[in-house]
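Hi,

Here is the structure I said I would pass on.

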Amino acid sequence: MKLYNTMTRKKEEFVPLEEGKVKMYVCGPTVYNFIHIGNARPMIVFDTVRRYFEYKGYEVNFVSNFTDVDDKIIKKALEEGVTADEIAARYIAECKKDMEDLNIKPATANPLATQEIGGMIEMIRELIEKGHAYEKNGTVYFRTRSFKDYGKLSHKNLDDLQSGGRELLVSGQDEKEDPLDFVLWKPKKDGEPFWDAPWSKGRPGWHIECSEMSRKYLGEQIDIHAGGEDLIFPHHENEIAQSEACNGKEFARYWMHNGFLNIDNKKMSKSLGNFRTVREIGEKYDLQVFRFFMLSAHYRSPLNFSAELMEAAKNSLERITNAADQLKHLMETAQTEQMTDVEKENAAKTAEFIKEFEDAMEDDFNTADAITAIFELVKFANTTADGESSKEYAKALFDLIVRLCDILGLIVDKEEEMLDADIEALIEERTKARKEKNFKRADEIRDELLEKGIVLKDTREGVQWKRV
């Protein structure tokens, strides 16, 4: 299996630190609002990478953080007159809902910055002891030039950064030993949340949280560190400097970054009025369509979002789901159980599609070509399975389509959703059963609806229901 390593700028054979295991860290969102579709791309991409590793038999320890203390969170809290904790908790819950709707598997761990402050303080203390950091009037800075390999990920030269260094400057820059030094700890301002530290009451800089969380949950060395390409510099560059200066060993073996997402060929921004949240897209499309759209291009390529491309993705995904539905129908109506000799030969040919799929995924997770392999399998199924097919043959094709799609996180075997009228009819029957004191039947109906994802709530105004 080969993957493109941002550090070396070439594809490399994947060799895990520990045989059969993958330690993977993906930078998560700052939770001050609903996640936008740019946030969703790395979530979908690296969830798919994880799924493929697991398909190949690896045990994946997948860690992705939530940044729940940040200037944007504090600003939102002040605007609403609530605490920063309330804002963060609200949008972590909303983010998890969107991730579930995108069929993103829960991480092994989702550490929160506010719950890891003690570890960050300890890591900063270690960096000071080793001469890589210093304190000035309550602010702690990382001594960038003390780490000789600074710039090795972004391939930026320190002297070039010095001449154009204002992009790295932060408040308090006049107190720095060097303009390129960056903040590890900063004193509190009025109205901000803060924690006690040896240097001041304050909070950590953004970069240190991922270094500390990665070390705590995955160890001093990890296999893969991933995120959007906008994080390469300075965030990931600073993570490397902090982690390697503190731990004295290589931080991550492989660095993976997904490309940017544009909206109608323009950069997404609120000022342009083209800012789109996942929740908004979910109101117009099944988010499985959105996931399919995201995987229809190679993860490192820039991707353009438009209504036309989403419609194309919807139609393409329907080709797969329609084929799966047809095979389910053939399984239910089949006149024979066992495969014929011809069907056995055809079933054996499907190994070609599996190989094509795996070859694509093992070439730097080329999901676009993997989807092409699924389409070829669908075409094969449509032309070799019909009303005369055995149940065994139709099931073999169905199971294979479902299995390959599941690796991409695409759900093609969907249970039929109950119609509103059917739900209302069952609620009416339950109400009648309760009036007749037939509580056994009433409970059976509630349980039946719950299995279908329908939750009931008894109120004074009557029974309310919602889908979950």
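This is a predicted model: local features need pLDDT of at least 70, side-chain atom pairs count only at pLDDT 80 or more; totals for chains, interfaces and linings use all residues.

First, the backbone. The peptide bond running from F233 to P234 is cis, and its omega is near 5 degrees. If you want to find the spot, P234 sits in helix α7, which covers residues 232-247.

N103 has a phi near 60 degrees, although N103 is a residue other than glycine. Look for N103 in the loop between α3 (84-101) and α4 (117-129). N103 counts as buried because its relative accessibility is 18%, and the cut-off for buried is under 20%.

K437 is not a glycine either, and its phi is positive at about 60 degrees. This one belongs to the loop that links α15 (420-435) with α16 (439-451). K437 is exposed, as its relative accessible area is 64%.

Now for the inside. How many cavities of 30 Å³ or more does the structure hold? The count is 1, and the largest cavity has a volume of about 60 Å³. Its lining is made up of V45, T48, V49, M294, L295, A297, Y299, F365 and T367. Two elements, α1 (37-55) and α9 (287-295), each give two or more residues to that lining. The largest share, 3 residues, comes from α1. By residue type, the lining of the largest cavity has 7 nonpolar and 2 polar residues, with no charged ones.

Cheers

How values were computed:
Residues are numbered from 1 along each chain as its sequence is written. Side-chain values use heavy atoms; hydrogens and water are left out. Helices (H or I, at least four residues) and strands (E, at least two) are DSSP runs, numbered from the N terminus. Buried means under 20% relative accessible area, exposed over 50%, partly exposed in between (1.4 Å probe, protein chains only). On a 1 Å grid over the protein atoms alone, a cavity is a set of points where a 1.4 Å probe fits but cannot get out, and a pocket is an open set with protein on both sides within 12 Å along at least five of seven lines; lining residues have an atom within 4 Å of a point. Grid points are joined across faces, edges and corners, and a volume is the space filled by probe spheres set on the points. Ala, Val, Leu, Ile, Met, Phe, Trp, Tyr, Cys and Pro count as nonpolar, Asp, Glu, Lys and Arg as charged, and the others, Gly among them, as polar.
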